[in-house]
Each structure stands twice: as structure tokens, then as C-alpha cells.
Amino acid sequence: MSEALAIDEIVLRVPASADYARVVRVGAAAVALRQGMSFTEIDELRAAMDEATELLLAQPAAAGAAIECVFRANGGCLEVEARRTDEASVAATDAARFKKTVDASNVTATVESDRGWLLMRKPVGRPGSRPAA
């Protein structure tokens, strides 16, 4: 098993295009694996990242816009702050659907609809889970 990656933060920035959604998902999985998450926890985070990317891409992107994800290990949780650099808003109904979906994946989320910003927290090492490494 590899040791958990000691991070302050890791920043992943990709163009605001559905063509790059997979990069966000795979990047999140790689960070989660390094934090010692189980396969189940990693799958839950990947599903949440898919939903986050879909939410952030619901509105057309301005030229040169990007999706920026900041990953932080914080008190037994992996935090992911995600936003669009053009600060496009998200519909309140889309934000509510997103929160309901990711809550089902054992991920807590906060969304600021007016500026297209979200924060997700995924606990690392739930009781009974085995590390993926």
C-alpha cells in the first residue's frame, strides 16, 4: 500500500468542455487513491466529480473558460473545490439535483449558484472500508 500523499493542495485546470470531463474524473480518482481511499470511496468520488462537471458545464462557456478543481486533504476528508473560471452561474434547480445526487454518494456538497462554485467533502477511511492500494 502506498502512503497517503501529504498535500496542501493540488490544482487541476482543464478547458470548460465536456471533452475534458474524463480528465477531471481520473484526476480526482488518482488523488483519492493516494489518500488511501477504498475502491468504493473512489467510485463514490468519481460519481460526484461526474455530477460536478455536468453541473459546471450546464451553461455555455465563455471563450478560454476553464474548470478548476482544487484538492485538499483536510481532517480525514478530501475536499474538492470546483469552479468555472468565467464564474458562470448554475440554475438553483440543477444545484439542488446535484446536492441530492452527491449526498447519495456519501459526499457532502455546498453550492454557490450565483458564481458557479462548489465544495465537496469526501471522508477518507469509512469504518469497514479497505484501502484500494
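Predicted model: local features only at pLDDT ≥ 70, side-chain atom pairs only at ≥ 80, totals over all residues.
Residues are numbered from 1 along each chain as its sequence is written, and side-chain values use heavy atoms, with hydrogens and water left out.

**Confidence**
- The mean pLDDT (the predictor's confidence in each residue, from 0 to 100) is 88, and 89% of the residues reach 70 or more.
- Residues 127-131 have pLDDT below 50, and this stretch has 8 contacts (heavy atoms within 4.5 Å) beyond near neighbours in sequence.

**Helix 1**
- Helices here are DSSP runs of H or I, at least four residues, and strands are runs of E, at least two, numbered from the N terminus.
- Val 24, Gly 27, Ala 28, Ala 29, Val 31 and Ala 32 of helix 1 are buried (under 20% relative accessible area, with a 1.4 Å probe and protein chains only).
- Their cover includes strand 1 (10-15), helix 2 (39-56), strand 2 (66-74) and strand 3 (77-84).
- After helix 1 comes Gly 36, with a positive phi near 85°.

**Helix 2 against helix 3**
- Helix 2 and helix 3 (residues 92-103) pack at about 175°, with axes 10 Å apart; axes are lines fitted to C-alpha atoms over the stretch in contact, and angles run from 0 to 180 degrees between N-to-C directions.
- That makes the two roughly antiparallel (over 145 degrees).
- Residues making the contact include Ala 48 and Leu 55 of helix 2 and Phe 98 and Val 102 of helix 3.

How values were computed
Buried < 20%, exposed > 50% of the residue type's maximum accessible area, 1.4 Å probe, protein only. Parallel < 35°, antiparallel > 145°, perpendicular 65-115°, else oblique.
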